Protein chains: 2
Amino acid sequence: MADAVWIERFHGLSSLPAPVKAQLVAESAVIKVPAGKTVFGPGAVPDNLLFLLDGRVRVQQTSESGRDIVLYRVEAGESCVLTTACLLAHEPYSAEGVTETDVTAVAIPRGAFDRLMASSQEFRDFVLTAYARRITDLFRVIDDVAFGRIDVRLAGRLLSLATDGDDLATTHQQLATELGTAREVISRVLHDFQKRGFVAQSRGKITLLDRDQIAKLAESA
Amino acid sequence: MADAVWIERFHGLSSLPAPVKAQLVAESAVIKVPAGKTVFGPGAVPDNLLFLLDGRVRVQQTSESGRDIVLYRVEAGESCVLTTACLLAHEPYSAEGVTETDVTAVAIPRGAFDRLMASSQEFRDFVLTAYARRITDLFRVIDDVAFGRIDVRLAGRLLSLATDGDDLATTHQQLATELGTAREVISRVLHDFQKRGFVAQSRGKITLLDRDQIAKLAESA
DNA sequence: CAGGTTAGGTGACAATATCACTGAAGGTCA
DNA sequence: TGACCTTCAGTGATATTGTCACCTAACCTG
């Protein structure tokens, strides 16, 4: 049944011509992936375009020195276009995608993707818009990493990670990966946040105590 | 006459079906821009896809604090796809493109772009490949900024900027913009390079004295 | 050549990263 | 239960990079 309705989830796709819709649904497979799996990366190359129906995928990069940085997240209703472009172009690709939750996705094979690009203005717009969003994400990352203060960035990230409730199950190392910095730096900044009453900490858990103050700090870009 | 031959310049495009080629050439305009002009940016929004026939465009981003960083360069034979995607998607777009040399380009209007995307597998591949290249460029920038040492990055940039000859007409401030750092930092690193015999400096000019040593430093990623 | 403008140098200090540890919290299993 | 192990977090010392303030030198213009 997901087959029958998933198109409605995606902006633009619902206006596809009926025969195109039918063909697309016929050629696509709905797949499920548990949380914590690497869905693509150096070595694990999909040749499908993935559309997320449910869940979230974190895309991150590992440097030669072994340190990580989170590039962006793909949410339900979005697609993994960047990776796909790199794969189609046979460019060496150093990023990897990891499911953060259980994920349900539609996999569109290369051939169906091509036919859709050829036949549907709406599909082309959808794909290009998806590209644009990712690219602006990347521009933002570059700006933050090059010019942002680490305490400001951490404040912002804590807020965006704690969407349901004020508790956050994460380690200092994971937060360091979020921002592309070192664990010790996160430890020190969080210690400071704690002293200022912004957060409480216990092993593997951070509780936001004063979202207003944290938001205020995050704004002082 | 450029109209007649420019398609041959672009990988993939020469294999377009003849009628598509003819239409594309008919709808496109060859434009010339002198060096040093801002061809797009916040406020100056083109709605054409640009293909560079000759010259080079530098794409850079300005942060809120007023500091700049170079994101990538578009060379002859390449296209400005990223910007186009952002523009098509009406995303706020903070980067700007500046011609570094006199530039000759083909401007493809939105309508012709759409028709080409619909009709030609080769054109789609061309566009997606261009995307992939830019994206890997951006990934590289993120990696460098987040984890790279400034002396290593500067060494690499000096080499890639000094393509014809060992002389480089640039200021410390311009090099700082290349790497997204501060002028003082460049001054100090270059002073160190000078002491080590890597380069000679005079006002507005840097001469590479020992490319081997510079390359060796640049490799120590 | 006087005066203005831009490029570059430098000291002091702040912020962030790295290194080398330390201890603390939680799990496992005899 | 307690010994052991693994992961997580804290911290001092030091290196690198960024910021601020101010200075001097080179070039331009009239």
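The paragraphs below take the chain, the pairing of chains, a few residues, a helix pair and the DNA surfaces in turn.

This is a predicted model, in which local features need pLDDT of at least 70, side-chain atom pairs count only at pLDDT 80 or more, and totals for chains, interfaces and linings use all residues. Residues are numbered from 1 along each chain as its sequence is written, while chains are lettered from A and ligands numbered from 1 in the order in which they are written.

Chain A contains 9 helices and 10 strands. Helices (H or I, at least four residues) and strands (E, at least two) are DSSP runs, numbered from the N terminus. The C-alpha trace of chain A spans about 60 × 35 × 30 Å along its principal axes. Of the 221 residues in chain A, 38% are buried. A residue is buried if 20 or more other C-beta atoms lie within 10 Å of its own, exposed if 12 or fewer, and partly exposed in between, with C-beta atoms placed from the backbone. Among the contacts in chain A with a separation of 6 or more, 67% are between residues 24 or more positions apart. Two residues are in contact if their C-beta atoms, placed from the backbone, lie within 7 Å.

The contact between the chains takes 37 residues from chain A and 37 residues from chain B. On the side of chain A that touches chain B, two or more residues each come from β5 (68–75), α3 (81–88), α4 (110–119) and α5 of chain A. The most come from α5(A), with 17 residues. By class, this side of chain A has 22 nonpolar, 8 polar and 7 charged residues. Here Ala, Val, Leu, Ile, Met, Phe, Trp, Tyr, Cys and Pro count as nonpolar, Asp, Glu, Lys and Arg as charged, and the others, Gly among them, as polar.

Met117(A) is found in helix α4 of chain A. Met117(A) is partly exposed because 17 other C-beta atoms lie within 10 Å. Ala132(A) lies in helix α5 (residues 121–147) of chain A. Is Ala132(A) buried or exposed? Ala132(A) counts as buried because it has 22 C-beta neighbours inside 10 Å. The C-alpha atoms of Ala132(A) and Leu82(A) are separated by 9.8 Å, although the two residues are 50 apart along the chain.

In chain B, α6(B) and α7(B) pack at an angle of about 110°, with their axes 10 Å apart. That makes α6(B) roughly perpendicular to α7(B), a term for angles of 65 to 115 degrees, where under 35 counts as roughly parallel, over 145 as roughly antiparallel and the rest as oblique. Axes are lines fitted to C-alpha atoms, for helices over the stretch in contact, and angles run from 0 to 180 degrees between N-to-C directions. Ile150(B), Arg153(B), Leu154(B) and Arg157(B) in α6(B) meet Leu175(B), Glu178(B) and Leu179(B) in α7(B). The residues of this contact divide into 4 nonpolar, no polar and 3 charged. The buried residues in α7(B) include Leu175(B), Glu178(B) and Leu179(B). Their cover includes β4 (56–62), β5 (68–75), α6 and α8 of chain B. Gly180(B), with a positive phi near 70°, follows α7(B).

Finally, the DNA. Around DNA strand D there are 19 residues, the closest being Thr171(A), His172(A), Ser187(A), Arg149(B) and Thr181(B). A residue is near a molecule or strand if its C-beta atom, placed from the backbone, lies within 6 Å of it. α8(A) gives the most to the surface near DNA strand D, with 5 residues. Around DNA strand C there are also 19 residues, and Thr181(A), Val185(A), Thr171(B), His172(B) and Ser187(B) come nearest. For the surface near DNA strand C, the largest share is the 5 residues from α8(B).
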